[in-house]
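The sequence and the structure are shown first.

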Amino acid sequence: MTSAITEAEISILVDTFYAKVRDDRDIGPIFNAIVGDWPHHLATLKDFWSTILLTTGRYKGDPMMTHLQLPLDPDHFTRWLDLFSETAHEVLTPSHASLAIAKANRIAQNFQAGIAFQKSRRP
Ligand code: HEM
């Protein structure tokens with residue numbers, strides 16, 4: 001049996017991923033326009049992934065509501081997921097990378113469904 005992902009791995013995943021995101025030509029500007037306090041944002045994201053991957057319950061936010069208020073389109077999600085997958089394969093074991101990528105894909109699908117529904121109600 002493979003061992004569970006650790007908080008240390010989650011921390012490296014989040015730090016490495018958002019370092020790439022901030023520099024990215026397509027999605028970097030969205031983050032850099034909105035996120036003022038990066039240490040705080042990274043801490044929130046570590047709580048989020050700890051809650052998703054280790055069910056620690058540390059994250060208490062409402063990410064759907066956050067993303068419904070952002071100017072996101074399908075290309076942004078494609079880029080986000082490509083960068084996430086690339087980073088997960090770089091810093092995690094193959095099985096932990098697969099797990100994190102599967103969760104990210106599912107959450108991204110939920111966000112996109114929420115955004116599409118919102119658009120359909122407010123043409
Ligand atoms: C198109 C792709 C995405 C973009 C451009 C994006 C952008 C952002 C931005 C700018 C924020 C900061 C919002 C603020 O501080 O007001 C944020 C927060 C967050 N994002 Fe994303 N995001 C994307 C996809 C995702 C995905 C797929 C996930 C999860 C797998 C995710 C998880 C989160 C979480 C947990 C927060 C923190 C919300 C909170 O403050 O409680 N994001 N995102």
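V21 belongs to helix α1; helices are DSSP runs (H or I) of at least four residues, strands are DSSP runs (E) of at least two, and both are numbered from the N terminus. Between V21 and A102, which are 81 residues apart in sequence, the C-alpha to C-alpha distance is 19 Å.

Y18 is also located in helix α1. With 4% relative accessibility, Y18 counts as buried.

## Basis of the model

The model is predicted: local features require pLDDT of at least 70 and side-chain atom pairs count only at pLDDT 80 or more, while totals for chains, interfaces and linings use all residues. Residues are numbered from 1 along each chain as its sequence is written, and side-chain values use heavy atoms, with hydrogens and water left out.

## The nonpolar core

The largest nonpolar core holds 35 residues, of which Y18, F31, W49, W80 and F84 touch the most other members. A nonpolar core is a set of buried Ala, Val, Leu, Ile, Met, Phe, Trp, Tyr and Cys residues joined through side-chain atoms within 4.5 Å. Two or more residues of this core come from each of α1 (7-23), α2, α3, α5 and α6. Helix α6 supplies the largest share, eight residues. In soluble globular proteins, nonpolar side chains tend to be buried together.

## The ligand site

The ligand takes up the space of the largest pocket. On a 1 Å grid over the protein atoms alone, a pocket is an open set of points with protein on both sides within 12 Å along at least five of seven lines, whereas a cavity is a set where a 1.4 Å probe fits but cannot get out; lining residues have an atom within 4 Å of a point. A molecule sits in either if more than half of its atoms lie within 2 Å of its grid points. The elements giving two or more residues to the shell around the ligand are α2 (28-34), α3 (38-54), α4 (63-68), α5 (74-91) and α6 (94-121). Helix α3 gives the most, with four residues.

There are 19 residues around the ligand, and F31, Y59, H67, L72 and W80 come nearest; a residue is near a molecule if one of its heavy atoms lies within 4 Å of it. The shell comprises 14 nonpolar, five polar and no charged residues. Here Ala, Val, Leu, Ile, Met, Phe, Trp, Tyr, Cys and Pro count as nonpolar, Asp, Glu, Lys and Arg as charged, and the others, Gly among them, as polar. A polar side-chain atom of Y59 is 2.6 Å from a ligand oxygen atom, and one of H67 is 2.8 Å from a ligand nitrogen atom.

## H96 and S3

H96, in helix α6, has a relative accessible area of 6% and is therefore buried. A polar atom of the H96 side chain lies 2.5 Å from the backbone oxygen of S3 and 3.4 Å from the backbone nitrogen of I5. S3 is placed in the segment before α1 and counts as exposed at 55% relative accessibility.

## T55

T55 is not a glycine, yet has a positive phi of about 50°. T55 lies in the loop between α3 and α4 and, at 68% relative accessibility, counts as exposed.

Conventions: A polar contact is a pair of N or O atoms within 3.5 Å; within protein, one must be able to donate a hydrogen and the other to accept it, and residues adjacent in sequence count only if both atoms are side-chain atoms. Buried means under 20% relative accessible area, exposed over 50%, partly exposed in between (1.4 Å probe, protein chains only).
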